[in-house]
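Thanks for coming. I will take a few minutes on charged side chains and where they pair up.

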Amino acid sequence: MEGGGDMDTPAPGNPSANSSGPNEEGLKRFQVELEFLQCLANPFYLNHLAQHGYFDQKEFINYLKYLLYWKEPQYAVFIKYPACLHVLELLQEETFRKELISPLCTKFVEEQLLLHWQYYAFRRRMAAPVAPAMQVESQGQASSATGEGPPQEGQQSLLTTVSNGHSAGAAGGMTNGL
């Protein structure tokens with residue numbers, strides 16, 4: 001049975017003989033492209049690519065154009081570092097690619113990405129108490145209408161919502177680490 005004698009057993013190293021092989025190859029390609037794309041959010045990696053002449057190779061530029069499909073929502077949901085999509089857009093411009101060879105440009109890009117991340121995190125923390133409060137109000141009304149959890153005397157819909165699975169920190173107007 002070993003050595004490929006059995007028709008149901010694929011030969012080792014022959015993914016086309018296995019029905020799950022092409023799916024595994026597709027998954028591997030997906031993972032490699034995703035990892036490379038997210039590396040583009042690292043300005044020092046961009047500087048490395050520029051110093052080693054990757055941005056001068058037509059094939060590499062075509063690959064960067066190909067990666068633009070990651071902007072589609074069905075692919076973008078897998079990205080942990082969304083700044084990489086913005087950098088990918090910038091890499092479509094020849095002037096940006098040429099400037100990346102400079103350590104000053106690399107430092108500037110790093111600072112801009114850091115400032116963007118800090119501003120985004122700040123905005124998200126500031127918006128967190130508002131959004132749950134609005135949700136809690138509407139969910140509290142919905143839970144009392146559906147009869148979920150009997151309200152106790154003096155209890156508000158906010159407390160009912162908390163007892164139905166929402167965190168007390170978020171319902172109480174405190175940020176919960178977002």
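**Salt bridges in the model**

Lys71 is partly exposed, at 42% relative accessible area; that term covers values between buried, under 20%, and exposed, over 50%, with a 1.4 Å probe and protein chains only. This is a predicted model, in which local features need pLDDT of at least 70 and side-chain atom pairs count only at pLDDT 80 or more, while totals for chains, interfaces and linings use all residues. Residues are numbered from 1 along each chain as its sequence is written, and side-chain values use heavy atoms, leaving out hydrogens and water.

What does the side chain of Lys71 meet in a salt bridge? The partner is Glu89, at 2.6 Å from N to O. Here a salt bridge is a side-chain nitrogen of Lys or Arg within 4 Å of a carboxyl oxygen of Asp or Glu. The pair links distant parts of the chain, 18 residues apart: Lys71 is in the loop between α3 (58-66) and α4 (73-76), and Glu89 is in helix α5 (residues 83-90). Helices are DSSP runs of H or I, at least four residues, numbered from the N terminus. Glu89 is partly exposed too, at 32%.

Searching the whole structure gives four salt bridges. Another joins Arg29 and Glu33, 2.9 Å from N to O. Because these two are four residues apart in helix α1 (residues 21-39), about one helical turn separates Arg29 from Glu33. Arg29 is partly exposed at 49% relative accessibility, whereas Glu33 is buried at 4%.

Glu94 and Lys98 also form one, at 3.5 Å. Both lie in helix α6 (residues 94-99), four residues apart. Glu94 is partly exposed, at 46%.
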